[in-house]
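Open the model in your viewer and keep the selection tool at hand. We will visit the ligand and then a sheet.

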Amino acid sequence: MNTINYLKNRLIIVSSRLPVLLEQAATGRWQTKPGSGGLVAAIAPIMKKQGGLWIGWPGKTVTEDMDIENLLRGAKRDFGCTFKAVPLTAKEVVGFCYGFANEILWPLFHDLQSRCYFAPGYWKVYRNVNRKFAEVVYRNSGENDHIWVHDYHLIGVGRELRHLGLTSKVAYFLHIPFPPLDLFLKLPWCFQILNALLAYDLVGFQTQRDKRNFVQCVRAMSKDVLVRGEEKVSTAKVDQRDVRIGNFPISIDFDEFALMAESTKVDRRVAEIQVNLGSETNRRTLLLGVDRLDYIKGIPEKLTAFRNTLQRFPRLRKKISLIQIVVPSRMNIPKYRDLKLDIDRMVSDINGKYAQTDWVPIHYIFRSVDRTELIALYRAADIALITPLKDGMNLVAKEYCAANVTENGVLILSEFAGAAAQLRADALLVNPYDIEEVADIIAAACDMPLAERRRRMQILRKKVRKYDIYRWVDSFLNVVFARDQTAFPPLEDYITSGSRKLLSQAYV
Ligand code: ADP
Ligand code: G6P
């Protein structure tokens, strides 16, 4: 579809990080580099087409020798929008970003409670930084702007904007899953977080399951809030106000991936990759994994399953290879550094055990690769092996389908990725914890006849094309900004954990 129909006013995107990050070159000069992750990948094409303002942290604590505004002005050309930086101190980055966001909300919302570190000090910093973001948004917005806040780092921004006196509508989208009630209650600040979400005019989730979990939490924890409507968008009545709650599966710019996949540059690179896979008549099957370094991506589990395939299906040795790309991420957090060491060790064990002079089972790349290389790999791969333990959506799954212009690839997808809700009928769904099942499915994918692969991939591509990123943004903004603006009544402060009493009455 490739057009945004709804937007008439300026769009302001608010996210924890800007899509353009600051880094210091070896010469000491400050420069910019693109950010990584699904949020940036999804929103950047919209802003490029539409323009607007993007507010966020530029990824480095500010020092005096940096002329941030000037550096960000330079990036406008590539991104098509203007930027406003929210400067954070080193202490704020630790408590807000590495701490509350990445050591509490991230693991908890991905059902991995044992990885949470509920440090009491993190909450205060999180709240203060959310207030800081809100102040920047308030100062830089006008009443006709459409303000759209993103992801788990900034849940409190809407509420803080109300405290500052903003009366126009504010929308929010959660890119990661929303946990079920039993898990959400483990969060010592669950009431504050729930009430902060209810300060927005629209709260968007990736899947029906996430939306259902949220509605269940609202019903159990906020006795005074009535939620109506079970369909795509429900409405919660909060202090005479309507809060819309919907599910909007995020997507990609399908046409851009498909077009690039057919470009001469990509063609040439695909041919080079295929030469390394053997002759036309005796070509090895190529499996591809592309993941940010993160325990939610289930990389060690995937490697174990791949080893299991080689063990239990000796006929596949020398016939299959896995290219596993891992994009460095969150290396300031010890658990992420440990994960990297685990992956290094596992790859080396598997290769040490099975490699032969003319065959390496796993090609492991630990760095970001450029667009051409990524799309060439998507196109060249016979099988995409995408097995997160839990994931909000997983755009890599959709990008693989869009770039698979030969329509003969197989998508192996975790049932716990948000993308499975849309793609389940034609992908091969697996439970990433079930090592033998994943190994069996890898073997089945290798044996799948061409006609069956084509049938499935054609349907997958049709779905991803139909529900692309432009349709996503249109449907989301339509729900929240299409109606007349209504004034926002004053709010009480965050409800404190004293409200737990309410819970015993409501949650039986
Ligand atoms: P997450 O948001 O958790 O990182 P997603 O799969 O939703 O996961 O999004 C990842 C995004 O990062 C995709 O758009 C993908 O193209 C991009 N990406 C993944 N690996 C690389 C890489 N090695 N180099 C560049 N970009 C990458
Ligand atoms: C996921 C999150 C994003 C986040 C990205 C990269 O995609 O949903 O909000 O920006 O991961 O993580 P980082 O900690 O590097 O910002």
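How far is an oxygen atom of ligand 1 from an N or O atom in the side chain of Arg292? Select both and you will find 2.7 Å between them in this predicted model. Stay with the ligand and show Gly38, where a polar backbone atom is 2.6 Å from a ligand oxygen. On its own the ligand has 570 Å² of accessible area, and the protein covers 87% of it.

Next, bring up the shell of 17 residues around ligand 1; among those that come nearest are Lys297, Val369 and Glu399. Colouring by type gives nine nonpolar, four polar and four charged residues.

Now follow E12 and E13 into their sheet. Six strands with parallel pairing form an open sheet in the order E14-E13-E12-E15-E16-E17. Its edges are E14 (362-366) and E17 (428-430), each pairing on one side only. From one strand to the next, the twist averages 20°.

Zoom in on E17 and E16 (residues 410-414), which are joined by three bridges in the parallel sense. Pick Ile412 and you can trace its bridge partner, Leu428, in E17.

Last stop: select helix H11 (residues 299-312), which packs on the sheet and touches E12, E13, E14 and E15 (383-386). The directions of H11 and E13 make an angle of about 170°.

Notes. Residues are numbered from 1 along each chain as its sequence is written. Chains are lettered from A and ligands numbered from 1 in the order in which they are written. This is a predicted model: local features need pLDDT of at least 70, side-chain atom pairs count only at pLDDT 80 or more; totals for chains, interfaces and linings use all residues. Side-chain values use heavy atoms; hydrogens and water are left out. A residue is near a molecule or strand if one of its heavy atoms lies within 4 Å of it. A polar contact is a pair of N or O atoms within 3.5 Å; within protein, one must be able to donate a hydrogen and the other to accept it, and residues adjacent in sequence count only if both atoms are side-chain atoms. Accessible areas come from the Shrake-Rupley method with a 1.4 Å probe; for residues, only the protein chains shown count as cover. Ala, Val, Leu, Ile, Met, Phe, Trp, Tyr, Cys and Pro count as nonpolar, Asp, Glu, Lys and Arg as charged, and the others, Gly among them, as polar. Two strands pair if DSSP finds at least two bridges between them. Helices (H or I, at least four residues) and strands (E, at least two) are DSSP runs, numbered from the N terminus. Axes are lines fitted to C-alpha atoms, for helices over the stretch in contact, and angles run from 0 to 180 degrees between N-to-C directions. Contact means heavy atoms within 4.5 Å.
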